[in-house]
Amino acid sequence: MSRGRIVAVVAGGCAAALLVVGVGVGATALMLFGGGSTALTGGDCGYDVPAGGPEILAATGAVPGSPSPTPSATASAPARIEPIGQWATEQVGNAAVVVAVGRELGVPPRGWVVAVATAMQESGLRNLPGGDRDSIGLLQQRPSMGWGTPEQLGSPEYQARQFYARLLRIDGWASMRLTDAAQSVQRSATPEAYQRWETEAEAVVAGVLGVASVDLLGGGFPAAPCGVAALSAAVVPAGTWTTPVPAAIGSGFRTPARPGHDGVDFVAARYTPVHAASSGTVLTVLCNASTGDCDRDGGMSVRGCGWYVEILHADDVVTRYCHLVRRPEVSVGDTVAGGQVLGFVGSSGNSSGPHLHFEVHLGTTATSANAVDPVPFLARMGVPLGA
Ligand SMILES: [Zn+2]
């Protein structure tokens, strides 16, 4: 204990979880709970990491704050580190270092997810001896680009510090798409590549912390800092209807200029939550884009409605929600309440900018033949649109 260093933290609003990172190979971790008023914030979602949960943050012999970081490729991980999904013990151990350093520095949990996703892309969460050109290590940082000496960069803990230092200097990083935040730091030749690791990184960060979801800590998607469930609190009674987004309609149903437009377009900012118009069952969750990629903005030359959801309601009514910014928050077969958040506004698929394309169909399967104008339909259901 006397050789340990107290590093962190609060995960929710109240209790402070103090973590002691041991020194040296075979380090042990110990969790204590107390009321530390100087604790770093880990989110403001009112969630406390449960006792007996995150006991594994001390992951290697590298000590946060050590003036001379030790290469930790050979450091043994404590017994608490266990494989998570496709990630083996060594990889999870490296993720735990990244999380521990982020907590120590007071980086919001979203940053831990960004850093872990970056490491997944750069090194597969491995402390690599080399890489492209003079890139080294977990985050593939380069001595020639001023990241540190090769010896320093052999330490995942050192690399994590360098990453966070640069991330925190970027205005608005916490509300960026994950790949944009990561790219602002990494300046990679493939700036979109980090995005595909978002879900995996969220799972690994939650896993090393011993919590069910990073949303509980405020580590999730920017539009849902405390989890999608928190955004879905205001649902409407079963069988009643509501607007999918509280926004004006920019393009109507089958207008003279767009006779094939089988829905209406709500003009709304990227990341605006999209709500189920009424209670029902999730019929469809798909990426529909001629590029095959819905995790980046589409365009007018792209076909398909991008990430989309269909909900089956009573009386065989089907609603469809298109161009979502990322994989929707619901799965096929889920029962949803009216008003529940299905996903977030984006511009995937055939889209010229962020908006929600919304359709109503009278009957399954939803086709152009059974599409009806959502405006009079919802008006009949007591929902005036276009505010
Ligand atoms: Zn449209």
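Colleague: Leaving aside neighbours within four places in sequence, which residues is Val 116 in contact with?
Modeller: This is a predicted model, and Val 116 is among the residues that touch the most other members of its largest nonpolar core, together with Ala 95, Val 98, Ala 117 and Val 205. That core counts 44 residues. Beyond four places in sequence, the contacts of Val 116 are Ala 95, Val 98, Ala 201, Val 204 and Val 205.

Colleague: Which helices each supply at least two residues of this core?
Modeller: Let's take the 44-residue core again. Its contributors at that level include helix H1 (89-105) and helix H2 (109-123). The others are helix H4 (156-167), helix H5 (178-186) and helix H6 (198-209).

Colleague: And how many residues are in the other core, the one that lies apart?
Modeller: Among its members are Val 318, Tyr 321, Cys 322 and Leu 385. The number of residues in this other core is 38.

Colleague: Back to H5: why is it described as largely enclosed?
Modeller: The buried residues of H5 are Leu 178, Thr 179, Ala 181, Ala 182, Gln 183, Val 185 and Gln 186. H5 is largely enclosed by the rest of the structure because the buried ones make up seven of its nine residues.

Colleague: What covers those buried residues of H5, and which residue follows the helix?
Modeller: Happy to trace that. The cover over the buried residues includes H2, H4 and H6. After H5 comes a residue with a positive phi, near 50 degrees, and that residue is Arg 187.

Colleague: Now the strands: how many residues of strand E12 are buried?
Modeller: Strand E12 spans residues 356-362, seven residues in total. It is largely enclosed by the rest of the structure, because the number of its residues that are buried is six.

Colleague: Which strand is joined to E12 by six bridges?
Modeller: Let's go through the partners of E12. Strand E5 (residues 264-266) pairs with E12 in the antiparallel sense over three bridges, with Asp 265 bridged to His 357. Strand E13 (residues 371-372) is also antiparallel to E12, over two bridges. Six bridges, again antiparallel, belong to strand E9 (residues 317-324).

Colleague: Stepping back, what percentage of the residues of the protein chain count as buried?
Modeller: The protein chain has eight helices and 13 strands. Among its contacts with a separation of 6 or more, 61% are between residues 24 or more positions apart. Of its 387 residues, the share that count as buried is 52%.

Colleague: Where does pLDDT stay under 50?
Modeller: For the protein chain, the mean pLDDT is 81, and 79% of residues reach 70 or more. One stretch under 50 has 110 contacts beyond four places in sequence in the model, namely residues 1-42. Another has 90 such contacts, and that stretch is residues 50-79.

Conventions:
Residues numbered from 1 in each chain as written. Predicted model: local features only at pLDDT ≥ 70, side-chain atom pairs only at ≥ 80, totals over all residues. Core = buried A, V, L, I, M, F, W, Y, C linked by C-beta atoms within 7 Å. Buried ≥ 20, exposed ≤ 12 C-beta atoms within 10 Å, placed from the backbone. Helix = DSSP H or I, 4+ residues; strand = E, 2+ residues; numbered from the N terminus. Contact = placed C-beta atoms within 7 Å. pLDDT = per-residue confidence, 0-100. Pairing = 2+ DSSP bridges.
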